[in-house]
Amino acid sequence: MADDQTPRPSGAPDDVPPGAGQGWTALSYLIAGMLVWGFIGWLVDQWLDTGGIATGIGFVLGMAGGVILVIRRLGTPT
Amino acid sequence: MFGQANVLAAGQAAFPPSVEDFYLPSILPWGAHDSYWITKFTAMIWIAVGVLIIFFLATYRKPQLVPTKKQWFAESIYGFVRNNISVDMIGHAGVRFAPYFTTLFCFVLLTNAFAIIPLFQISPNSHIAFPAILAVISYLLFNYIGIRHHGFVKYFKHALIPPAPWYILPLLIPIEAFSTFIIRPFSLAVRLFANMFAGHMLLLVFTLGGFAMLNANAWLAPISVVSWVMTVALTLLEALVIILQAYVFTVLSASYIQGALAEEH
């Protein structure tokens, strides 16, 4: 089984995960962005007693961050 | 087994099925309800491991140049994982991970398949513990591979710092850390667990629902037949989910290893 080691055309690994991996990576960035910064915003809320404003700002920032990450990590390199 | 059928026919099974239905009585000591060391799940895991070891040993015991039917079957499974998962996802460097992926794929596939194999009829993967351990193995593996390939500092630098201007890095680094080191293993485990849990629950609802309606009112008998027809249809759907989830688990593990091996620009 393992003795057929003819080179395959795929070559060396590159930075962009192919196929299905790419989709899951993008999804996890978007969700992680909202969760992380939403949570940080919530902590700020608890600390400064801003009544949910900081959580909202956190969510929006996190979404923006997630989108930036998807573009930077998965976008076509120029 | 016939005891179960009698329980069903006498209408003693609790209808809506609950999480309790996933906790099977102990085998050793027999029938104990608060002992979870040796249950049907333990037995199924050992059977799965045994079947896989014996299958691959037996099929590859005397390899022929022109493969026999069994050898061809084992080779096509290995070949599928090697070419369509390892090499496709990781590139030529992926061939050395093919044995791990094949083992992972076969184990997940077989333990998932217990969900619809008669007499087993529940998958060990419908308990979070089993997918969680598999996810932990893949998680440790891809981190270890990355650290060995790049060195500790470079690996974490590569994993945590995306190619972006410095002023948005404080925004991005927490997201990267959370997504790579927490969401990845968590989603890997939960995806498999939730699919198998939901599949078993659906089959329970439609099977037991048929009996519940039959026992409630004789006029509902035709509808309970519809419910059982749905069970058959859902079993076929479950077969699809079983194969798909085994494939997805393996492909995502491969994708994480690929990410850990990737070079910086």
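Good morning. I begin with B:Gly151, which comes just after H5 of chain B and takes a positive phi of about 90°. Helices here are DSSP runs of H or I with at least four residues, and strands are runs of E with at least two, numbered from the N terminus.

The model is predicted: local features need pLDDT of at least 70, side-chain atom pairs count only at pLDDT 80 or more, and totals for chains, interfaces and linings use all residues. Residues are numbered from 1 along each chain as its sequence is written, while chains are lettered from A and ligands numbered from 1 in the order in which they are written.

Helix H5 of chain B covers residues 129-150, 22 residues in total. From first C-alpha to last it reaches 31 Å, close to the expected 32 Å; the expected span is 1.5 Å times one less than the number of residues.

Among its buried residues are B:Phe130, B:Leu134 and B:Phe142. A residue is buried with 20 or more other C-beta atoms within 10 Å of its own, exposed with 12 or fewer, and partly exposed in between, with C-beta atoms placed from the backbone.

Next, the loop between H4 and H5 of chain B. B:Leu119 lies there, and has a positive phi of about 80° although it is not a glycine. B:Leu119 counts as exposed, with 7 C-beta neighbours inside 10 Å. B:Gln121 lies in that loop too, with a positive phi of about 60°; B:Gln121 is partly exposed.

Finally, a cis peptide bond joins B:Leu28 and B:Pro29, with omega about 0°. Thank you.
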